[in-house]
Amino acid sequence: MNTKILFSSIFLCFFCLAKMQAQEVLTIEDAMKIALENNFEIKIAKNNSKISETNVTIGNAGMLPVATASVTDNNSIQNSDQTRQDGTSTSLDNAKNNSLNYGVSIGWTIFDGMKMFARHDQLKELQKLGDSELKRTILFKIGQVNSAYYDLFQQQQQLAALDTTIVISNQRLTLAKNRFTIGKASKLEVLNAQVDLNSDQVALLRQKESYANAKILLNQYLARDPKIDFKVTDQVTVDSKLVLADLINLAQKQNQALETQIINKRVAELQLKQVKADRYPVVRLSSGYNFAESESSLGFTSATSSRGLNYGFNATLNIFDGFNQHRNEKVAKLQIENSQIAIEQQNMILNSQLSIAFQTYLTNLELIDLEEDNEAIARQNLQITLDKFKIGTITTIDFRTAQLNYVNAKVRYSNAQYEAKLSEIALKELAGNINF
């Protein structure tokens, strides 16, 4: 009976695997590729990055001249009365008057205390900020995809474990019925076997529900139809060679949160340059060509017209503005100081996060080895228990305990692999070093 139970379990596992083979096998590399192409938040972040890049122009910084064209046409119909200095008077009903003005004007700020150059540099830094935000979004979403993917892995392992225990529970029920038939067992043993089988079936249904929901969640991260069916790999490899010092060094160069704070400080420094530029004069050149024409039905002049070029320059200097210049500079310097404090704070948070995550990572690596040994021991214990249960030397409670210990050991082993993989992903995400 022992051999039959084991062969039945193996057969069912192979059957389940064969059934899964008919589904799409989604690798983690394919999942990340699909997410990079489809994920909505990544698409939005890409567009925001393009917006920041588009804004980096010398025209947006105010370095280029501005040319405008204008046309103004005014018309009126009025009843007019005029009295001249010599006492004569003139009146006209429905007098028509019109004027037409059009032309082109050009204005160009040629000096503003170097504010335009600081503004251009600031736009470049804002572009870097947009790129950094894109990287942060990609890393976060790729981390989510990895977590959801390996969650499916451990859920598949739990399904396999529950499938195995149901096979064993069915065999136990059959054995109990046979023993009852020949008078070697009581009806209570049959009922207990049936109750345990029902419990296992309930657990299997709950696990199938969790597995299906986990698939839907991963499809959501991949921005594809939630009804798409697939399976994930049945093996997981945890990188066991991560070194904390190396991760800290990488994080100093690649962590997106830290990079954002560094860019923010540079933006604040350039803002101070723009504020200081208000201490200097602003010189603007202007020129234009205009045409004007007017007609009047009543008056000394019935029609006039003019056209020609105008040009000149304008210079302004802020002499006193109620100490606002001093206040603005002080505020800008405090913003720089805040940015430096934020960098130091982010460094401390980052090092703490890495240290905590690395300790969890080391613990999970040890748990993998421990749970692997426990799973092997539980399997051996179940085999011995099956032999003893066959000849009736142990109770059904002892058999059930061995059975549950085996299932729990398999579940804990897959959970240990999953948690270790999550720790690895978290460390690489903090270091900005997830491969995709």
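**Salt bridges, surface patches and domains in a predicted model**

Glu133 is partly exposed, with a relative accessibility of 35%; here buried means under 20% relative accessible area, exposed over 50%, and partly exposed in between (1.4 Å probe, protein chains only). The structure is a predicted model, in which local features need pLDDT of at least 70 and side-chain atom pairs count only at pLDDT 80 or more, while totals for chains, interfaces and linings use all residues. Residues are numbered from 1 along each chain as its sequence is written, and side-chain values use heavy atoms, with hydrogens and water left out.

The side chain of Glu133 meets that of Arg136 in a salt bridge, at 2.9 Å from N to O. A salt bridge is defined as a side-chain nitrogen of Lys or Arg within 4 Å of a carboxyl oxygen of Asp or Glu. Glu133 and Arg136 are separated by about one helical turn because they stand 3 residues apart in helix α4 (residues 115–181). Helices (H or I, at least four residues) and strands (E, at least two) are DSSP runs, numbered from the N terminus. Arg136 is also partly exposed, at 37% relative accessibility.

In total, the structure holds 18 salt bridges. Another of them links Glu375 with Lys410, whose closest N and O atoms are 3.7 Å apart. Glu375 belongs to helix α8 and Lys410 to helix α9 (residues 396–430), so this pair ties together parts that are 35 residues apart in sequence. Glu375 is buried, with a relative accessible area of 7%, whereas Lys410 is partly exposed at 23%. Within helix α9, Glu424 and Lys421 lie 3 residues apart, about one turn of the helix, and their side chains form a salt bridge of 3.2 Å, N to O. Both Glu424 and Lys421 are buried. Furthermore, Arg172, Asp196, Asp200 and Arg400 are joined into one network by salt bridges that share partners.

Patches are made of residues with over 30% relative accessible area and no salt bridge, like charges being joined within 9 Å and nonpolar side chains (Val, Leu, Ile, Met, Phe, Trp, Tyr) within 5 Å. A patch of negative charge gathers Glu366, Asp369, Glu372 and Asp373; Asp and Glu count as negative, Lys and Arg as positive, and His and the chain ends are not counted. Of these residues, Glu372 is placed in helix α8 (residues 324–391) and is partly exposed, with a relative accessible area of 38%. A nonpolar patch, with about 810 Å² of accessible area together, includes Trp108, Ile110, Phe111 and Tyr280. Its largest share, 3 residues, comes from strand β3 (residues 89–111).

The domain assignment gives domain 1 (25–62 + 113–280 + 322–431) and domain 2 (65–111 + 282–316), with bounds that come from an automatic or database domain assignment. The C-alpha centres of domain 1 and domain 2 lie 71 Å apart.

Most residues other than glycine have a negative phi. Ala223, in contrast, has a positive phi near 55°; this residue lies in the loop between α5 (187–221) and β4 (230–231) and is partly exposed at 22%. Phe323 likewise has a positive phi, of about 65°. Phe323 occupies the loop between β6 (303–316) and α8 and counts as exposed, at 61% relative accessibility.

Definitions and conventions
Areas by Shrake-Rupley, 256 points an atom, 1.4 Å probe, with all protein chains shown as cover. Charge placed at Lys NZ, Arg CZ, Asp CG, Glu CD.
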